[in-house]
Amino acid sequence: MNIEFDADHDALLQSIVDVALAIYCAAASSIFLYDTERDELIFRAVSGQGQGLLIGRGFPSTQGIAGWVLSSRQAMIVDDLTGNDIFARDIAESTAYMPRSLMAVPLVHDDEALGVLEVLDPHPQARAAIAELELLVMFAHQASVALRVIGNYSRAIREDTNVQRKQEARRLLSALTDLVGESGTLPHR
């Protein structure tokens, strides 16, 4: 996924990780987007531990649990990362936060892998059931659709020469971003 990021994309992604953090009472939540040109997963939004330090950092798309989730397009829960062979300990150590458990789901739209949503150290009750992972999968699907819609409207604004259509696209993009921003105020469990 190689889209130009602007304030609308950043607001959407931050809202997604903020809501995931609140829903799962987690220590952190992050979104990695897949950069096809660099073949890397790039931190695009972080809430909780590491917030403000990791945006823009990347790592090879084939490494770690996030890499596995991206390539397999399957969600994963790991209750104890100490014995997990897929977990990229070196990448986690470089972020200055070492999680004990995590939930990770792919962001996929129209069979295109856009990235990965991770929830680090969710509250034990939040990861105790498959239903909780299914909720995160549904949330990731909604996020993927919203990402694609915002990307399409942003592209229309950049490329369309018709001033009236550009204004309408800006209005719709602004309304979608406002709607997503309002949902980011969920109370903690």
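Predicted model: local features only at pLDDT ≥ 70, side-chain atom pairs only at ≥ 80, totals over all residues.
Visitor: What makes up the chain, in helices and strands?
Guide: The chain has 5 helices and 6 strands. Going along the sequence, they come in the pattern α-β-β-β-α-β-α-β-β-α-α.

Visitor: How many residues does the chain have, and what share counts as buried?
Guide: There are 189 residues, and 48% of them count as buried.

Visitor: What makes β4 and β5 a pair?
Guide: Two strands pair if there are at least two bridges between them. β4 and β5 have 3 bridges, in the antiparallel sense, so they pass that test. One place to look is V78, whose bridge partner in β5 is L102.

Visitor: Which strands pair with β1?
Guide: β1 pairs with β2 in the antiparallel sense over 8 bridges. β1 also pairs with β6, again antiparallel, over 6 bridges. You can see both pairings at A28: this residue stands opposite G48 in β2 and opposite L120 in β6.

Visitor: Why is β1 called largely enclosed?
Guide: Because 8 of the 8 residues of strand β1 (residues 28–35) are buried, the strand is largely enclosed by the rest of the structure. A28, S30, F32 and Y34 point one way, while S29, I31, L33 and D35 point the other way, and all are buried.

Visitor: Why do the side chains alternate like that?
Guide: That is how a regular strand works: its side chains alternate between the two faces of the sheet.

Visitor: What stands out in the hairpin of β1 and β2?
Guide: There are 4 residues between the strands, and D39 takes a positive phi near 50°.

Visitor: Why is the contact between D10 and R44 called a salt bridge?
Guide: The cut-off is a side-chain nitrogen of Lys or Arg within 4 Å of a carboxyl oxygen of Asp or Glu. For D10 and R44 the closest N and O atoms are 2.9 Å apart, so the pair qualifies. This pair links distant parts of the chain, with D10 in helix α1 (residues 7–23) and R44 in strand β2 (residues 40–48), 34 residues apart. D10 has a relative accessible area of 32%, so this residue is partly exposed.

Visitor: How many salt bridges does the structure hold?
Guide: It holds 4. Among them is R38 with E40, at 2.6 Å from N to O. R38 is partly exposed, with a relative accessible area of 49%; exposed would need over 50%.

Visitor: How do you know that R100 and D121 form one too?
Guide: Their N to O distance is 3.8 Å, and the limit is 4 Å, so they count. R100 lies in the loop between α3 (89–94) and β5 (102–109), and D121 in the loop between β6 (112–120) and α4 (130–159), 21 residues apart.

Visitor: Are R100 and D121 buried or exposed?
Guide: R100 is exposed, because its relative accessible area is 59%. D121 is buried, because its value is 7%.

Visitor: Why does E118 have no salt bridge?
Guide: E118 is buried, and the nearest side chain of opposite charge, R89, is 12 Å away. The limit is 4 Å, so R89 does not qualify as a partner. E118 is in strand β6 and touches residues including A28, F32, I65 and M103.

Methods. Residues numbered from 1 in each chain as written. Heavy atoms only, no water. Helix = DSSP H or I, 4+ residues; strand = E, 2+ residues; numbered from the N terminus. Buried < 20%, exposed > 50% of the residue type's maximum accessible area, 1.4 Å probe, protein only. Lys, Arg positive; Asp, Glu negative; His and termini not counted. Contact = heavy atoms within 4.5 Å. Lists of a residue's contacts leave out its neighbours within four places in sequence.
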